[in-house]
Amino acid sequence: MERVTPNYKRIYNDIIARKHPHKEDQCKTILKKADLSMLDVIKLNNIIFGIKDKETLIFNQMHRSYDETTIMEILDYQEKNNLNNTQLANHFKLSRNTVTKWKKHFSNRHLHSFEA
């Protein structure tokens, strides 16, 4: 069964048009993309709504999920910027354990694809 994802471009365009038209210029470059990654959605959310108190930030972080494309984008960011796992985790507000788990999981999948 194919997984259906929300149309984030339409959702954020509606939010900006109805409630935050003054933030349209800040969001324009992200919304012009053909497809929005989860990182793009997080950036848009931060631009429009800002970062709330620490408690809200922790709650929201616990309920985020990342698709494979976004995870690969985060791991590529680490490689391009020569960051260690701690630095990457701090930058994206992740757990170091999550970064380690992703690296193990995706390096194993990458190796198995070459063996086949």
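Lys93 is found in the loop between α6 and α7, where helices (H or I, at least four residues) are DSSP runs numbered from the N terminus. This is a predicted model, in which local features need pLDDT of at least 70 and side-chain atom pairs count only at pLDDT 80 or more, while totals for chains, interfaces and linings use all residues. Residues are numbered from 1 along each chain as its sequence is written, and side-chain values use heavy atoms, with hydrogens and water left out.

**Loop residues with positive phi**

The phi of Lys93 is near 55°, a positive value in a residue other than glycine. Asn82, in the loop between α5 and α6, likewise has a positive phi, of about 50°, although it is not a glycine. Most residues other than glycine have a negative phi.

Ser37 has its place in the loop between α2 and α3. Not counting residues up to four places away in sequence, Ser37 touches Thr70 and Glu73, contact being defined as heavy atoms within 4.5 Å.

**Nonpolar cores**

A nonpolar core is a set of buried Ala, Val, Leu, Ile, Met, Phe, Trp, Tyr and Cys residues joined through side-chain atoms within 4.5 Å. The largest such core has 14 residues, and those with the most contacts inside it are Tyr66, Ile74, Leu94 and Trp102. At least two residues of this core are supplied by each of α3 (38–49), α5 (68–80), α6 (85–92) and α7 (96–115). Apart from this core lies another, of 9 residues, which includes Ile16, Cys27, Leu31 and Val41. Leaving aside its neighbours within four places in sequence, Leu94 is in contact with Gln61, Tyr66, Ile74, Ala89, Val99 and Trp102.

Within α2, the residues Cys27, Ile30 and Leu31 are buried. Seen down the axis of α2, these buried residues fall within an arc of 90°, so they line one face of the helix; the arc is that of the directions from the helix axis to the C-beta atoms. The face of α2 turned away from the buried side carries the exposed residues Asp25 and Thr29, whereas the buried residues pack against α1 (8–18) and α3. Lys28 also belongs to helix α2 (residues 24–31), and its C-alpha atom is separated by 9.7 Å from that of Leu44, 16 residues apart along the chain.

The helices α1 and α3 pack at an angle of about 10°, with their axes 11 Å apart; axes are lines fitted to C-alpha atoms, for helices over the stretch in contact, and angles run from 0 to 180 degrees between N-to-C directions. These two helices are therefore roughly parallel to each other, a description that applies to angles under 35 degrees. On the α1 side, Tyr8, Tyr12, Ile15 and Ile16 meet Met38, Val41, Leu44, Asn45, Ile48 and Phe49 in α3. The residues of this contact divide into 9 nonpolar, 1 polar and no charged, where Ala, Val, Leu, Ile, Met, Phe, Trp, Tyr, Cys and Pro count as nonpolar, Asp, Glu, Lys and Arg as charged, and the others, Gly among them, as polar.

Definitions and conventions:
Buried means under 20% relative accessible area, exposed over 50%, partly exposed in between (1.4 Å probe, protein chains only). Angles under 35 degrees count as roughly parallel, over 145 as roughly antiparallel, 65 to 115 as roughly perpendicular and the rest as oblique.
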